[in-house]
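Have the structure open as you read.

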Amino acid sequence: MKNDKLDGNPQKTTIVPTTETTAELIPESTARLVEKSFAENTLRNRRHALEKFDEWLRGRPITDGLLAQYITDRFNDGKAPGTISIAVSAVKWFLKHRNNGQPVELPITAATLSGIRREGRDRGRGQRNGLTWREVEKICAVQEADGTLRGIRNSAILRVMSDGLLRISEVIELRIDDLENNTLRIRFSKTDQDGEGEYLYLCEDTRLIVQKWLERSGLTENYLFRRITARGDNLYVNKDTGEPSALTADGVRKIIKQSAARVGLTEKVSGHSARIGSAVSLAQAGASLVDIQTAGRWKDPGMPAHYARAQFAERGAIARFKDGK
């Protein structure tokens, strides 16, 4: 984040989201609250998109024509319509906030984006693969067989994320006192920004490995999951605070990818894979779309329906009435 002065005011200011030529200076304390209004993935994607656009602008002011030219260049470079849509959304978001909350019309960009979607409809970013319940079990068996504190923690993280269909932003905020009998409390989420909280069920194997993690680590309060030293057998202690360090979002992504890679699962594995895979497994087990939407706390049924579209097709009208399934 960039610090600067505004109209002689000595208070620190910051650029939202991050770039210099495409963002409005606001007080740093306000910027932090703005950031908290978005999911981490959304904010990170917008920052990245604006940084790329800023580089391309080379100091020129934002115009509808330039933005249309930019997304045309990105499309000609092989980018997918989904990636380009993120860039347009990020710029529109910035312009809206610079314009006192009033939406900005970008007719040239809109028409160009429409053409890109039609022309590039077969050029997808690639759906991230899900880690089904069976795959998570396989991964966790390998992690637990290590016998290290790291392996126990990694298994606990994956099992909790699979049972709860958790987002990374949710798992890094879990506290030890969020564990209540057979349930896990989610303090807030992407779809619960006001922090009303929700309770999720944890399976027996998950509860047992979480308990083992707590016993081996000696943790009794604050964050549930923490960083581990390079050797894998001790908590990583922050030198400034003297306390075990909490995990970061990037740390969790790394854990998921590396753990999956150990059992040969490397294709398009991401921080969302346990969430996606659990939705697929629920559909395979016969859960309805409403069941899956509720379990994953999706506001809209579109995403779980997309993730489990093959499983729902197997239970569709043709499968039931023509093939007798």
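D250 is exposed, with a relative accessible area of 53%, while R253 is buried at 14%. By the cut-offs used here, buried is under 20% relative accessible area, exposed is over 50%, and partly exposed is in between (1.4 Å probe, protein chains only). The two side chains form a salt bridge, 2.7 Å from N to O; the term covers a side-chain nitrogen of Lys or Arg within 4 Å of a carboxyl oxygen of Asp or Glu. R253 and D250 sit 3 residues apart in helix α10, so about one helical turn separates them. Helices (H or I, at least four residues) are DSSP runs numbered from the N terminus.

A word on the source: this is a predicted model, where local features need pLDDT of at least 70 and side-chain atom pairs count only at pLDDT 80 or more, while totals for chains, interfaces and linings use all residues. Residues are numbered from 1 along each chain as its sequence is written, and side-chain values use heavy atoms, leaving out hydrogens and water.

The structure holds 11 salt bridges, including these:

| Pair | N to O distance | Relative accessible area |
|---|---|---|
| D146, R262 | 2.7 Å | D146 35%, R262 46% |
| R185, D178 | 3.1 Å | R185 24%, D178 1% |

What does the D146 and R262 pair tie together? D146 is in the loop between α6 (133-145) and α7 (149-164), and R262 in the loop between α10 (249-261) and α11 (273-284), so the bridge joins parts 116 residues apart in sequence.

As for the other row, R185 is partly exposed, whereas D178 is buried. Both belong to a salt-bridge network that also includes D177 and R187.

Notes: Helices (H or I, at least four residues) and strands (E, at least two) are DSSP runs, numbered from the N terminus.
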